[in-house]
Amino acid sequence: MTTKFLLQQRQFLQQLAAPRFDTPADVVRHLGAVQAQDYDMSKWAVGLRMNHCHSATVEAAINDGQLIRTHVLRPTWHLVHPEDLRWMLALTAPYVKKGIAHYDKKLELDDAFFKKSNRLICKALEGKHLTRTELKTVLDKAGIKSDSHRLVHIMIRPELDGLICSGARKGKQTTYALIEERIPATKNISKEEALTTLALRYFSSHGPATLKDFSWWSGLPVTVARAGLEAVRQQLDQEDDYYFKEQAGKLTPKIHLLPNYDEYLVAYADRAAMHNGKNEDKMQRAAPFFDNTIIIDGQVAGTWKREVKKEDVKVSLYPFDKLTTTQESKLKKAAGAYVAFMRTS
């Protein structure tokens with residue numbers, strides 16, 4: 001598979017080339033999950049894949065429970081569609097727990113401890129949405145030591161157990177809520193169906209991608225990921241070791257300002273195609289796969305930073321190489337799109 005074709009298809013399938021969705025929930029459902037440890041920038045990850053979106057739209061979707069932000073893959077924060085959360089957790093949570101078990105042990109957190117802390121947290125959340133600080137106070141009153149690192153793991157466990165998830169924001173603070181109060185009952189599906197659903201979502205939205213890429217993104221062992229791929233192989237296009245749902249169309253050259261941890265970059269185990277080899281030294285210095293990135297012709301071509309003070313939004317651009325006049329114009333337009341996303345209400 002040529003790099004040009006791979007990048008073209010990923011831009012189409014990831015909704016960067018020609019967005020076709022009008023709601024945040026539709027974008028996230030299409031992608032399966034959107035990495036979201038940086039809350040503000042995760043909103044941009046959704047918004048740039050929509051038609052006519054602004055920050056307040058995505059914020060409202062999160063506050064209303066149309067999007068859920070929780071730990072579900074690898075583990076890290078992700079945005080997921082509420083109808084997908086229960087079956088996705090049933091599939092992935094056992095592997096996430098196994099992956100962080102050695103940290104839990106170092107922090108003296110075991111099943112008996114989590115049974116107690118889960119009970120206290122869920123009791124406190126009945127009919128309420130509480131911040132992490134408010135829940136820490138509940139734990140402190142019960143005599144449970146909850147320093148910052150320990151508290152992270154204490155709060156991840158009831159998320160993985162399918163008990164709590166994100167609630168509505170309190171000012172600039174995120175909150176937690178009970179899943180049973182936040183998300184209406186959804187149909188139970190088998191783990192086999194969950195696996196095939198996740199595999200089809202991934203390759204249909206992130207392809208062309210390999211089995212190794214799917215295993216990395218989902219956090220599933222390669223043997224499990226392979227079973228998912230085999231179940232949906234006949235529904236996918238294949239070239240070499242890459243699987244996808246080919247989307248035809250003319251790719252109009254665009255320049256994108258992607259947020260840090262964007263799915264376009266971090267959702268693959270192999271990211272070599274995403275940058276030009278001549279910029280290898282700059283890539284290493286900038287660590288752009290985990291930074292806000294400038295994308296030109298589908299590849300990383302620089303980084304960018306934002307500064308937000310009330311209604312004032314400033315974007316600073318750091319391209320790796322000198323740009324053509326046309327590229328400079330498109331880059332300014334891309335920066336303007338981010339500013340408009342932040343300012344429009």
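1. Pro208 sits in the loop between α10 (191-206) and α11 (211-218); helices here are DSSP runs of H or I with at least four residues, strands are runs of E with at least two, and both are numbered from the N terminus. The peptide bond leading from Gly207 into Pro208 is cis, with omega near 0°. Please keep in mind that this is a predicted model, in which local features need pLDDT of at least 70, side-chain atom pairs count only at pLDDT 80 or more, and totals for chains, interfaces and linings use all residues. Residues are numbered from 1 along each chain as its sequence is written, and side-chain values use heavy atoms, with hydrogens and water left out.

2. The loop between β2 (68-73) and β3 (76-80) holds Pro75, and the Arg74 to Pro75 peptide bond is cis, with omega near 15°. Arg74, placed in the loop between β2 and β3, has a positive phi of about 85° although it is not a glycine. Most residues other than glycine have a negative phi, and most peptide bonds are trans.

3. Asp297 is another non-glycine residue with a positive phi, here about 55°. You will find Asp297 in the loop between β10 and β11 (299-309). Its relative accessible area is 53%, so Asp297 is exposed (exposed is over 50%, buried under 20%, partly exposed in between, with a 1.4 Å probe and protein chains only).

4. Strand β9 (residues 255-258) is covered on both faces: Ile255 and Leu257 are buried on one side, His256 and Leu258 on the other. In a regular strand the side chains alternate between the two faces of the sheet. β9 runs antiparallel to β10 (residues 293-296), and four bridges join them; pairing calls for at least two DSSP bridges. Leu258 has Thr293 of β10 as its bridge partner.

5. How do helices α5 and α8 pack, and at what angle? Helix α5 (residues 82-106) meets helix α8 (residues 148-160) at about 160°, with the axes 10 Å apart; axes are lines fitted to C-alpha atoms over the stretch in contact, and angles run from 0 to 180 degrees between N-to-C directions. The two are therefore roughly antiparallel (over 145 degrees; under 35 is roughly parallel, 65 to 115 roughly perpendicular, the rest oblique). On the α5 side the contact (heavy atoms within 4.5 Å) includes Leu89, Val96 and Tyr103, and on the α8 side Ile156 and Leu160 are among the residues involved.
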